[in-house]
Amino acid sequence: MRVQSAFIAVVLFFLAVLAFFCAFAPNFATASNFEDLMAGFSFIAILAIGESFPILLRGIDLSVGAVLALAGMVAFDMTLMFDLPGYLAIPAALIVATLCGALNGVLIVKLRLQPFIATLSTLAAYRGLVYAISGRQLVPELATTPLSDPWIMGLDTYFDIGSATGLSSFIELPWFPLSFFIMIATLVVFGVLLSRTRFGRDIFTVGGNAEAARLAGINVGRTIIIAYAICGFCAGLAALLMIARLSTTTESLGLGMEMSAIAAAVIGGVSLSGGIGGLSGPVIGTFLLGMVLIGLTLLGISQFVQQILTGVILLIAVGHDRFLAIRRQKRLAANLAEEA
Amino acid sequence: MSALSPNIATRLAPHALPLAIAAFVVVFSIIEPAFLKPDNLVGIVRQVAMVGIMATCMTFVIMTGGIDLSVGPVLALSGVVAFFVMEAGYPLPIVLAVGLASGVAVGMVSGAMIAFFGLPPIIVTLAMLSIVRGSALLLGGPDLHSIRDQPGYTFIGTGSIAGIPFSIYLFIAVSLLVIFLQKMTPIGICVAAIGENERAAFLSGHRTRTTKMWLYALSSFGAALAGIIQSSQVHTASATYGEFGTELDAIASVVLGGTSLMGGNGSVARTIVGVMFLGIMSNGMNILNVSIDIQLIAKGAIIALALALAERG
């Protein structure tokens with residue numbers, strides 16, 4: 001129920017913003033615009049889904065941008081430097097990303113580092129690793145070679161659902177990018193994991209109170225490591241979609257993208273105090289941010305104002321989260337008083 | 001394990017960082033004697049002066065369990081603001097005052113939201129990062145504004161007194177001031193009390209909220225001063241300075257100095273040791289021609305290792 005009040009608020013806000021731009025921004029309510037929105041923000045939504053797991057554990061993962069770059073570079077190296085087929089490069093990139101995430105978890109659990117510090121240091125280390133293995137620098141002539149592997153480039157496919165279902169005779173539908181469906185699949189898989197399995201319950205318990213979870217017999221360390229591994233996996237998935245869209249990669253891919261992922265998760269109602277939130281919120285939060293960026297551009301408003309507004313939306317979201325937390329406390333206090 | 005070795009380890013733990021600095025200095029100077037030349041040593045301090053000022057000013061914020069991610073854009077904003085005030089023909093003292101005030105104002109806004117509304121510092125300063133960057137760009141655009149014929153302003157970043165760059169004097173002055181605040185004034189005790197147990201500090205009559213707000217103002221002040229030094233050093237002001245990573249360097253210096261992100265323990269003097277450690281590492285690796293990738297990996301590994309050891313100690 002608590003999750004719902006924050007979630008409903010962000011959905012309402014999302015719809016209000018959508019209605020506003022459809023009414024006032026020229027060319028906003030067009031099929032091609034929604035296609036851009038889906039293609040340009042699906043991979044950020046996947047990052048935000050991943051980032052939600054550490055935040056649910058009252059942690060944070062600052063390294064997702066660097067993990068994303070590393071996974072992208074692994075796929076780049078394998079297909080272009082070693083001429084390996086994409087069906088090997090894709091799992092390899094995902095495995096590397098997952099291991100990077102798991103290493104974050106191990107640093108936090110085994111070395112007892114604070115998540116902020118652990119992922120801050122791996123942010124530097126993974127980014128360094130990207131430069132070290134960069135095929136663009138090891139083999140300079142590759143720097144201008146676009147990715148051509150059919151498996152990877154296949155991730156940048158669009159589906160014309162409108163014609164396929166015959167709906168296009170009634171309404172002009174956008175072509176749906178494959179990345180959007182992958183994002184939905186990620187949402188469903190991890191959403192079920194979080195809400196229907198014992199592991200999901202453990203996440204909420206550990207995030208709510210790690211000490212209580214330990215005393216209740218939950219393997220806290222394992223839960224944390226798996227959660228960070230999931231975050232890494234999502235970064236790897238986002239990397240593949242991103243390099244397919246760009247048809248290349250760079251050493252600075254995803255620089256600062258952890259900030260967008262964290263912002264989207266917080267806007268989507270995942271509480272930084274741990275144990276509260278879901279995965280649909282962060283996805284809606286991502287598209288909310290995306291819609292504001294695209295909508296304001298169409299309105300001809302300077303991108304600098306967009307940055308300011310992004311910050312303001314983040315403040316509103318966190319202020320709302322705080323407001324709900326205070327109300328929760330008051331209700332709890334009132335209930336306790338009644339019982340006494 | 002003999003009974004003696006854990007004892008030695010426990011005793012050495014608080015001095016691990018200075019010892020590590022000494023070890024690296026010895027290694028670097030054996031491999032490359034030029035490392036110990038006075039020019040190079042002064043160069044190291046000059047290089048770290050800006051991060052050093054930001055890190056010392058941010059130490060109190062981190063000691064209260066907070067964090068300030070917005071220092072990068074504040075650095076850019078103060079440079080741009082100072083540039084425009086200078087363009088308008090105002091004298092140097094007013095230029096500096098307005099530039100620094102712009103930073104302090106940003107810090108007071110984030111501080112007020114954190115202290116009075118209880119919002120989480122990491123998100124508030126993340127939002128301010130975006131807001132301040134946008135405002136700086138709105139004000140100055142993405143272009144470089146060159147600063148010409150301003151000998152007074154240029155002196156701050158490039159001038160030197162008795163062979164030592166002026167920015168180093170500023171770093172020393174700010175450090176001494178903040179150490180003084182911590183050791184000699186009630187602020188130091190209040191900061192430690194907030195970090196240890198904010199509720200208890202509030203109940204024992206400390207003005208925790210107002211203090212917290214001013215701590216964020218101090219952190220932003222440091223960033224604004226660094227911004228003025230930066231724009232003066234490179235003779236240009238730009239809204240794009242203080243790019244992503246600036247705040248992380250400052251935070252890394254503070255936590256290397258032993259200040260816990262959970263709040264409570266912390267020391268400004270040790271932050272300066274942390275700053276010097278990172279500065280010596282990067283200078284030494286540059287002299288030894290270590291490539292950027294290895295430098296980044298080494299930096300990450302060292303931060304994780306140092307703090308893991310501190311946790312054990």
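Predicted model: local features only at pLDDT ≥ 70, side-chain atom pairs only at ≥ 80, totals over all residues.
1. Start with the make-up of chain A. It has 15 helices and two strands. Its radius of gyration is 21 Å. The globule rule gives 20 Å for 340 residues, so chain A is as compact as a globular protein of that length.

2. Next, the extent of chain A. Its C-alpha atoms fill a box of roughly 75 × 55 × 40 Å, taken along the principal axes.

3. Now its interior. Of the 340 residues of chain A, 49% count as buried. Take the contacts in chain A between residues at least 6 apart in sequence: 78% of these join residues at least 24 apart.

4. Turn to where the chains meet. Chain B puts 37 residues into the contact, and chain A puts in 38 residues. Which of them gives the most? The answer is α14(B), with 14 residues.

5. What classes of residue make up the side of chain B that touches chain A? That side divides into 27 nonpolar, six polar and four charged residues.

6. Look at α6(B) by itself. Is this helix mostly covered or mostly uncovered? It is mostly covered, with 18 of its 20 residues buried. At 1.5 Å a residue, the 20 residues of α6(B) should span 28 Å. The end C-alpha atoms are 27 Å apart, which agrees. After the helix comes B:G141, with a positive phi near 70 degrees.

7. Inside chain B, follow helix α3 (residues 38–63) and helix α13 (residues 268–287). Their axes come within 9 Å and cross at roughly 145 degrees. The crossing of α3(B) past α13(B) is right-handed. On the α3(B) side, the contact is made by B:I44, B:Q47, B:V48, B:V51, B:G52, B:A55, B:T56 and B:T59. On the α13(B) side, it is made by B:V268, B:T271, B:I272, B:V275, B:M276, B:G279, B:I280 and B:N283.

8. How many charged residues does the contact of α3(B) with α13(B) have? It has none; by class, there are nine nonpolar and seven polar residues. B:G52 of α3(B) and B:G279 of α13(B) are among the residues that make this contact.

Technical notes
Residues numbered from 1 in each chain as written. Chains lettered and ligands numbered in written order. Axes fitted to C-alpha atoms, helices over the stretch in contact; angles between N-to-C directions. Helix = DSSP H or I, 4+ residues; strand = E, 2+ residues; numbered from the N terminus. Left-handed = near helix turned anticlockwise from the far one by under 90°. Contact = placed C-beta atoms within 7 Å. Nonpolar A, V, L, I, M, F, W, Y, C, P; charged D, E, K, R; others polar. Rg over C-alpha atoms; globule rule 2.2 N^0.38 Å. Buried ≥ 20, exposed ≤ 12 C-beta atoms within 10 Å, placed from the backbone. Expected span 1.5 Å × (residues − 1).
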